Amino acid sequence: MTLLIKNANEVITLKSVLQGPRIKEQMREIAVVEKGSVLVAGSQIVAVGAYEQLVIDFPHLVQEAEVIDASGKIVMPGLVDCHTHLVHGGTREQEFNMRLNGSTYMDIMNAGGGIHATTKRTRETSFEALYKKTMHHLDVFLKHGVTTVEAKSGYGLDWETEKKQLEVAKKLQDTHVVDVISTFMGAHAVPRDFKGREDEFVDVIINDMLPKVSALELAEFNDVFCEKGVFTPAQSRRILEAGKALGLTPKIHADEIEPYNGAELAADVGAISAEHLLVASDEGIQNMAEAGTIAVLLPGTAFFLRAPFARGRLMIDEGVPVAISTDFNPGSSPTMSLPFIMNLACMHMGLTLEEVITATTINAAHALNRGHQIGTLEAGKQADVIILDVANYKQLQYFYGMNHTDTVIKKGQVVVRHGIVL
Ligand SMILES: [Zn+2]
């Protein structure tokens, strides 16, 4: 099947000769083609440029193509949400309500809330019910222009449930149009029955869970919550090194609540990305810039918990490649709207309109080791393309709090038309 998206006001291509994630001023170079068209054959992009040029270069393909008129709109790569806790049981609106009524974190924990509440629900929820629930979440992501989603396990904390979460993600990768890329995060919390025996749980992850994840090919990445009272930097390093030896690429939830040298550890252990970084130290940021570690920043979490935002502006200025993601999860960021999160990154982390586009396309793709395949609109790349009902890209954040997604094309197929999932 051949598709021609024609006459867009702007095509945001992010085309570049650069191979790796974008840093500093590269993050502002989004390579806009005005009055542009995009030609797609099968699942790939054939060419991007002026319609008149495409007719000359590809006369047969243009002639047989189904035409989508994008006049008055803009076209850009499908958004990549590179950090989510996609597969989980239940919701926690009750805790949110408690917080609004003045309850503290400890009140909520004592009432049986927090991550352990979701762990309980995820353990209790059947594979089929989790699959159905997550399928619906993916439809909502898709409606918001997201064509690739990372999915972490970590609400099981026992092998049976961790495996169930990863298998739900794997089945969705096979059955849903959105690409679902899996991360094992058995080290998301210390289970209650291991309290005081944290090192023993680390041993379970290393000796039991990680080898199974690897043997069953259930994940590409291995993530750890390195935080005071959760996993120490030393324990986190052990888990990440063990995963690395089994072919799992390290990621790390670092410096979210208290500074804990998480950014330093991410750089040192060769993590592809470090996430959150709300209180990352100056030195940690320097180390990440030198190592090329991607900072995956999650402004929705700071917004929803009323916490200070990560220093995104400083990180970009210091040369850290920055990506932005929802952190979709039932406790601290229950949103599937990456466009809203992009707005928060501009308003509260000081990203520019161009930087936030780079942070949710090509840099997010690199954070998932997919930079060669998605995240830009260039000949040879996978045809993950979205059409947005705004006159230019600057309006994306100007008309805030709205979903501008009109059409979504995934691997060359139209999967959302006029905002409706087909
Ligand atoms: Zn997270």
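Where is the place of His 85? His 85 sits in the loop between strand 6 (79-81) and helix 3 (93-100); helices (H or I, at least four residues) and strands (E, at least two) are DSSP runs, numbered from the N terminus. Keep in mind that this is a predicted model, where local features need pLDDT of at least 70, side-chain atom pairs count only at pLDDT 80 or more, and totals for chains, interfaces and linings use all residues. Residues are numbered from 1 along each chain as its sequence is written, and side-chain values use heavy atoms, with hydrogens and water left out.

**The annotated site**
- UniProt's unreviewed entry puts a "binding site" label on His 83, His 85, His 253 and Asp 327; such annotations may be inferred rather than shown by experiment.
- These residues span 245 residues in sequence, but no two of their C-alpha atoms are more than 12.3 Å apart, so they gather at one spot.

**His 85**
- His 85 is buried, at 3% relative accessible area (buried means under 20%, exposed over 50%, partly exposed in between, with a 1.4 Å probe and protein chains only).
- Beyond neighbours within four places in sequence, His 85 is in contact with several residues, including Tyr 155, His 253 and Asp 327 (contact means heavy atoms within 4.5 Å).

**Asp 327**
- You'll find Asp 327 in the loop between strand 13 (322-324) and helix 14 (338-349).
- Asp 327 is buried too, at 1% relative accessibility.
- The Asp 327 side chain makes a polar contact with the side chain of His 85 (3.2 Å), and another with that of Thr 301 (2.8 Å).
- A polar contact is a pair of N or O atoms within 3.5 Å; within protein, one must be able to donate a hydrogen and the other to accept it, and residues adjacent in sequence count only if both atoms are side-chain atoms.
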